[in-house]
Amino acid sequence: MGHSNLLSNLIETMPIPVSCSVTATPTLPTKPMPGTYGLPLVGPLKDRLDYFWFQGPETFFKARSAAYKSTVFRTNIPPTFFGVNPRVVAVLDCSSFSSLFDNTLIDKSDVLIGPYCPSPNFTGGTRVGVYLDTTDPKHSRIKNFCFDLLKRSSRVWISEFLLNLDALLTTAEADIASSGSSSLLVPLQKCIFNFLCKSLVGADPKVSPEIAENGFIMLDKWLAFQILPTQKIGVIPQPFEELLLHSFPFPSFLVSSDYKKLYEFVEKEGREVVKLAEDEYGLTKSDAINNILFVLGFNAFGGFSVFLPALITTVGRDKSGLRDRLRAEVRKVMADKTELDFKAVVEMEMVRSTVYEVLRMNPPVPLQYGRARSDFVVNSHESSYKVEKGELLCGYQPLVMRDPVVFDDPDTFMPDRFTGAKGKELLQYLFWSNGRETATPTAGDKQCAAKDFVVFTACMLVAQILNKYDDFECDDGNLAFSKLEKKTESVIV
Ligand code: HEM
């Protein structure tokens with residue numbers, strides 16, 4: 001199924017993609033790859049402690065890049081478990097990072113979160129689609145199934161999102177009236193969970209009080225035990241974080257009873273989509289349910305749970321008048337419309353640019369990996385480096401998205417960066433979805449299947465809030481609304 005069909009009933013007018021200008025690569029000097037893995041055991045341990053403890057991920061990559069005067073270099077990446085090879089080639093500029101999108105060069109088997117791959121027991125024994133390379137025929141079947149899920153969900157995606165968002169906002173208004181602030185931590189996750197279950201799986205969490213109350217917490221725990229060994233947490237003091245959280249893989253039995261409950265919920269309440277996966281995409285029932293749960297819990301719920309808080313707080317903490325500009329645009333577009341839909345959102349250039357800029361400054365999935373299928377040459381902006389077959393490339397997006405060769409004033413949040421013709425040209429360098437923003441995900445690549453849904457949902461969030469309220473503010477420290485100012489007719493836009 002072509003992905004272009006997928007969105008057609010959801011988005012009638014998509015922004016016209018800028019064709020990626022494939023400029024002839026000038027011949028670059030080939031240099032020996034800088035960087036070192038250090039001594040066995042000692043090198044990986046030192047890098048691990050730098051990454052989690054002494055430097056943190058951003059300084060870890062920045063400091064090495066500065067020391068080697070290169071955006072491409074060899075280093076170790078944690079975790080350092082027995083049996084995990086921590087050696088990677090870091091790619092930290094837009095040019096070298098984009099090698100990761102070339103699936104003739106890059107094998108994506110089992111590298112979703114790096115050299116460490118959580119046990120398939122976390123996913124009911126199924127090796128789910130996200131861990132499969134494009135050469136595996138099962139990958140395209142599962143990805144096409146995912147496109148189909150999105151296509152079907154498009155019938156209710158907007159209404160379910162707005163319904164759950166409005167419920168959140170109503171509660172937040174009451175909280176602010178009574179206590180001056182409204183934490184978003186739990187309500188936002190509930191909103192995301194409910195809307196995704198209904199739209200993607202066709203399953204209403206309300207039918208099961210336990211899933212309705214705790215479903216999102218079950219997913220949080222399930223996600224945490226898979227990715228904890230790769231994450232800097234910072235809530236427990238060192239060296240305890242190293243000893244307790246980063247020294248061994250967590251066993252799946254810690255979350256297996258929750259997983260079983262979620263599995264049964266999808267099996268029963270999502271039986272229509274499970275049957276679709278069996279009948280149309282040749283998946284076994286358990287493979288179908290495990291893949292649905294992964295897309296729902298890891299990709300969709302996990303992704304939105306990271307991205308939407310960053311979006312809301314970036315806009316809600318702004319002191320430069322951004323909300324006034326956004327509100328003016330939203331109200332202008334909505335002046336002759338009765339409801340907010342994807343067509344309306346397409347007209348909101350400033351809202352969309354703001355969403356893109358938040359994705360640039362805070363890429364929700366910061367690390368991307370891929371293994372060299374054979375020896376090849378990776379190009380930074382200045383030099384070429386030989387990569388050997390089997391080496392693991394590791395792109396750290398927060399630095400790649402601040403590549404000074406591509407982005408002017410890269411460390412500054414510029415919400416209108418992606419407006420106008422120049423802004424459209426820049427979209428080819430926005431990589432949050434594991435692909436270019438100007439590309440369309442297909443069954444033959446590894447780009448996020450829901451790339452366009454994510455951007456439009458985020459735009460809807462901003463538009464709905466600023467259409468409903470004259471202003472809102474977020475707490476400077478916590479994920480909380482501190483102000484929601486009801487719409488008055490007197491506001492001049
Ligand atoms: C803010 C939300 C989201 C973010 C930030 C996000 C990000 C990403 C990224 C970075 C990847 C590539 C991972 C890699 O291979 O390195 C990916 C893959 C994927 N995403 Fe998303 N995603 C989001 C939401 C969603 C949603 C809502 C869905 C589906 C309903 C989805 C479905 C997928 C699938 C199926 C893949 C695997 C593609 C493949 O194996 O070819 N994502 N996503």
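At what angle do helix 12 and helix 18 pack, and how far apart are their axes? The angle is about 40 degrees, and the axes of helix 12 and helix 18 (residues 451–468) lie 11 Å apart. Axes here are lines fitted to C-alpha atoms, for helices over the stretch in contact, and angles run from 0 to 180 degrees between N-to-C directions.

This is a predicted model, in which local features need pLDDT of at least 70, side-chain atom pairs count only at pLDDT 80 or more, and totals for chains, interfaces and linings use all residues. Residues are numbered from 1 along each chain as its sequence is written, and side-chain values use heavy atoms, with hydrogens and water left out. Helices (H or I, at least four residues) and strands (E, at least two) are DSSP runs, numbered from the N terminus.

## Helix 12 and its partners

The crossing of helix 12 with helix 18 is right-handed. On the helix 12 side, the contact is made by Phe304, Phe307, Leu308, Leu311 and Ile312. Helix 18 contributes Val454, Thr457, Ala458, Leu461 and Val462. Of these contact residues, nine are nonpolar, one is polar and none is charged. In this count Ala, Val, Leu, Ile, Met, Phe, Trp, Tyr, Cys and Pro are nonpolar, Asp, Glu, Lys and Arg are charged, and the others, Gly among them, are polar. Contact means heavy atoms within 4.5 Å.

Ser305 lies in helix 12. Ser305 counts as buried because its relative accessible area is 17%. Buried means under 20% relative accessible area, exposed over 50%, and partly exposed in between (1.4 Å probe, protein chains only). Leaving aside residues up to four places away in sequence, Ser305 touches Gln189 and Ile192.

Phe294 is also placed in helix 12. With a relative accessible area of 1%, Phe294 is buried. Beyond four places in sequence, Phe294 touches Leu112, Thr123, Val128, Val130, Tyr131, Trp222, Gln226 and Asn299. Phe294 and Val130 are 164 residues apart along the chain, yet their C-alpha atoms are separated by 8.5 Å.

## Helix 8

Helix 8 covers residues 209–227, 19 residues in total. From first C-alpha to last, helix 8 reaches 28 Å, close to the expected 27 Å. The expected span is 1.5 Å times one less than the number of residues. Where does helix 8 bend? The bend is at Gly215, by about 55 degrees. The bend is the angle between axes fitted to the seven residues ending at a residue and the seven starting there.

Gly215 is itself one of the buried residues of helix 8. The buried residues of helix 8 pack against helix 7 (185–201), helix 10 (256–269) and helix 12 (285–316).

Phe60 is in helix 3 (residues 57–68). Phe60 counts as buried because its relative accessibility is 0%. Not counting residues up to four places away, Phe60 touches Asp47, Asp50, Tyr51, Gln55, Thr75 and Asn76.

Asp133 sits in the loop between strand 3 (106–107) and helix 5 (137–153). At a relative accessible area of 2%, Asp133 is buried. Outside four places in sequence, Asp133 contacts Ile106, Asp107, Lys108, Ser109, His139 and Arg373.

## Backbone exceptions

Most residues other than glycine have a negative phi, and most peptide bonds are trans. The table gives exceptions.

| Site | Backbone value |
|---|---|
| Pro78 and Pro79 | cis peptide bond, omega about 5 degrees |
| Gln238 and Pro239 | cis peptide bond, omega about 5 degrees |
| Leu41 | positive phi, near 65 degrees |
| Asn434 | positive phi, about 65 degrees |

Pro79 is in the loop between strand 1 (72–76) and strand 2 (87–91). Pro239 is in the loop between helix 8 and helix 9 (240–245).

Is Leu41 buried or exposed? Leu41 counts as exposed, because its relative accessibility is 74%. Its place is the loop between helix 1 (3–8) and helix 2 (42–54). Asn434 is buried, with a relative accessible area of 12%. Asn434 lies in the loop between helix 17 (420–426) and helix 18.

Definitions and conventions
Left-handed = near helix turned anticlockwise from the far one by under 90°.
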